[in-house]
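Good morning, and thank you for coming.

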Amino acid sequence: MASKKSSGKTHKKIHPNEEKLQYGISIIKSHTLFSQLYNQIIIHDKILMGKDCAAYVDSNGYIYVNKDISLTENQWAYVIAHCELHLAFGHFDAEHMPGYITEESDGSNIKIPSFNKYIWNASCNIYIAKFLHDIGSFSPICPDPAASFPGSLTDELKIYDYLIEHNTPESDQRYGTAGAGQLDMKGLERPLVYNKNLNQYNRFTSLFANALAHSVSDAVSMAGGHGEASARPDTSVTRAAQWFIDHYPLLGGLAASFRIIEDYRYCIRNEIQIAAIDVTVGEIYANPALNLSTDEWRFVLAHEYLHAGLQHHLRCQGRDPYLWNVACDFVINGWLREMQIGQMPADGLLYDESLKGMSAESIYDRIQTDLKKYSKRSTFRGYGKGDVIENGSSVFGNSHTGTSLDDFCKNALMQGLEYHTSSDRGFIPAGLIEEIRALAMPPIPWDVELANWFDCHFQPLEKTRTYSRPSRRQGSTPNIPRPRYIQQEIPTDSRTFGVVVDTSGSMSAKQIGMALGSIASYAAAKDVPFVRVVFCDARAYDAGYLAPEDIAGRVRVKGRGGTVLQPGVDMLESAENFPKDGPILIITDGFIEDKMRIRHEHAFLLPKGHRLPFRTSSPVFYFE
């Protein structure tokens with residue numbers, strides 16, 4: 001066997017930790033947003049650090065990393081990005097710190113703030129950790145701070161005040177990169193002061209602002225697997241999209257997250273007259289054959305961005321997709337006219353002044369009552385077709401470190417609102433603000449709403465004292481009479497309610513059983529001894545008074561198709577042994593008569609996505 005000759009050169013073996021660090025640096029260098037910051041910093045790895053410290057940064061733009069610590073490539077990218085953002089957000093700048101005061105307009109008499117540098121560092125760490133979790137491009141080394149802190153976490157000073165108010169320990173640096181009790185910002189005792197009259201400024205903040213305005217679209221497109229945004233042609237559509245990124249923070253994040261496809265052949269094949277959006281794949285389809293101005297394309301794109309940000313594709317929930325699309329179009333176009341964004345195109349515009357101030361859900365209910373007027377209207381996609389389409393599903397980023405595109409759109413719109421209002425960039429209708437803020441509030445579960453309804457009708461029973469049943473302590477003190485506390489007597493006809501159940505067959509026994517099971521549990525919790533149950537499809541079946549524990553087991557699905565519930569309601573209201581003020585709960589799927597006459601207090605319980613064929617001022621609960 002021939003032996004290999006030595007070349008005379010020795011190759012230094014790279015430690016696995018250092019190799020992963022280099023890969024992490026390469027991820028930052030290829031990232032369209034963070035690469036521009038990377039070019040302005042210097043990384044050192046020869047500094048002695050604590051065993052838990054991954055990295056720290058100083059105000060001169062030097063990042064010191066601990067190559068002996070074991071992190072993955074994506075975690076190293078996260079650590080370096082975290083340190084970069086301390087510089088980019090101006091966390092070393094005196095003007096951004098708590099207590100900063102400028103007494104003279106020329107900045108010559110400046111009071112350097114006196115503050116707790118540990119708490120300030122922790123506040124900045126929380127702010128950055130939330131920012132990086134929202135981006136979802138890297139593997140975080142800490143949990144999302146939104147799970148532990150209230151509010152939007154979009155202001156370092158407010159975070160600082162919160163930590164001070166709640167006596168947060170100085171050692172609580174778990175959202176930083178330097179380990180417990182250590183600062184990952186070195187030099188906070190000497191805050192940086194810039195005299196703008198002498199053209200002094202933070203080059204990192206200025207660079208980041210420029211990179212965010214001009215490169216975030218590339219970063220988001222690459223993270224979503226859509227390629228380079230810089231490869232887009234210079235057209236009226238792309239100029240309109242870039243305007244949102246550069247000048248309109250409310251929709252700028254959404255504008256950066258969507259790939260615009262200008263292909264008239266694709267639009268012809270898919271019958272897209274002006275534009276359409278597929279939120280699940282992150283694409284907007286624009287017909288370049290139309291001679292629309294840049295201002296008109298701004299209106300069209302803002303329309304599509306709001307479809308995505310307000311989650312209209314998810315809020316359809318069993319409604320007719322086209323009619324729901326039409327309802328949403330009326331709302332969006334009304335807002336855009338108030339906001340004066342771009343110019344309304346002459347075609348494909350759904351606008352009605354009489355619908356101003358109504359929600360999409362309310363408009364949808366009105367459309368259902370006048371299908372002849374509202375069916376087959378023309379949206380931006382064309383006659384009789386909705387401009388919100390769904391061809392599949394996609395994940396923004398990857399399943400381990402990314403966030404879903406739906407969550408990204410929602411977060412982008414909410415953060416855009418914060419930036420828009422704080423910088424006073426223009427008018428936003430109150431209805432739009434309410435919808436955006438509602439995205440951050442988890443919906444109240446239907447069973448919690450139902451519990452509140454029970455609370456209104458059945459107050460907790462108070463205990464009463466009686467001497468007819470002596471207390472157990474009476475035996476130890478025979479000369480002192482002691483009463484016993486007992487529950488009040490419960491008259492059957494005073495604490496009861498009626499349930500009318502639609503058993504026509506369009507609702508499954510499983511759905512009815514789940515609803516009845518929840519009703520039974522609340523009835524028992526509120527000391528309701530019996531419930532009057534009526535099953536109803538083509539006719540009404542009186543099951544009589546049932547104990548709460550027996551309700552869920554008495555489901556009987558009898559008919560098929562639609563049903564009429566009025567006989568069941570009449571049966572309850574005319575029954576001699578049903579209380580005159582007893583509330584009635586009606587469980588149905590909505591495929592019932594167009595009008596009902598109910599004298600008693602009542603509420604409806606429907607499957608999610610279904611609607612009643614008439615308007616009602618009574619509570620309506622929806623279960624899944």
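Asp365 is partly exposed, with a relative accessible area of 30%; here buried means under 20% relative accessible area, exposed means over 50%, and partly exposed lies in between, using a 1.4 Å probe and protein chains only. Please note that this is a predicted model, in which local features need pLDDT of at least 70 and side-chain atom pairs count only at pLDDT 80 or more, while totals for chains, interfaces and linings use all residues. Residues are numbered from 1 along each chain as its sequence is written, and side-chain values use heavy atoms, with hydrogens and water left out.

Which residue does Asp365 meet in a salt bridge? The partner is Arg611, at 3.9 Å from N to O. A salt bridge here is a side-chain nitrogen of Lys or Arg within 4 Å of a carboxyl oxygen of Asp or Glu. Asp365 belongs to helix 12 (residues 360–369), and Arg611 to the loop between strand 16 (602–607) and strand 17 (620–623), so the pair ties together parts that are 246 residues apart in sequence. Helices (H or I, at least four residues) and strands (E, at least two) are DSSP runs, numbered from the N terminus. Arg611 counts as buried, at 17% relative accessibility.

By this rule the count comes to ten salt bridges. Another of them joins the side chains of Lys117 and Glu189, at 3.6 Å from N to O. Lys117 lies in helix 4 (residues 117–135) and Glu189 in the loop between strand 6 (185–186) and helix 6 (203–223), so this pair ties together parts that are 72 residues apart in sequence. Both residues are partly exposed: Lys117 has a relative accessible area of 28%, and Glu189 stands at 47%.

A further salt bridge links Glu283 with Arg259, their closest N and O atoms being 4.0 Å apart. Glu283 lies in strand 9 and Arg259 in strand 7, so the pair ties together parts that are 24 residues apart in sequence. Glu283 is buried, at 15%, whereas Arg259 is partly exposed, at 34%.

Three strands form an open sheet in the order 7-9-8, with mixed pairing; two strands pair if DSSP finds at least two bridges between them. Strand 7 (259–262) and strand 8 (275–278) stand at the edges with a single partner strand each, so one side of each is left without a neighbour in the sheet. Strand 7 and strand 9 (residues 283–286) pair in the parallel sense over four bridges, and Arg259 stands opposite Glu283. Helix 10 (residues 294–309) packs on the sheet, touching strand 7, strand 8 and strand 9, where contact means heavy atoms within 4.5 Å.

Let us turn to helix 3. At 1.5 Å a residue, the 16 residues of helix 3 (residues 73–88) should span 22 Å, and the end C-alpha atoms are 22 Å apart, which agrees; the expected span is 1.5 Å times one less than the number of residues. Of those 16 residues, 13 are buried. Just after helix 3, Gly90 takes a positive phi of about 70 degrees.

Finally, how many disulfides are there? The count comes to zero, a disulfide being a pair of cysteine sulfur atoms within 2.5 Å. The sulfur of Cys328 is 8.2 Å from the closest cysteine sulfur, in Cys316, too far for a bond. Cys328 is buried, at 1% relative accessibility, and Cys536 is buried too, at 0%.

Definitions and conventions
Axes are lines fitted to C-alpha atoms, for helices over the stretch in contact, and angles run from 0 to 180 degrees between N-to-C directions.
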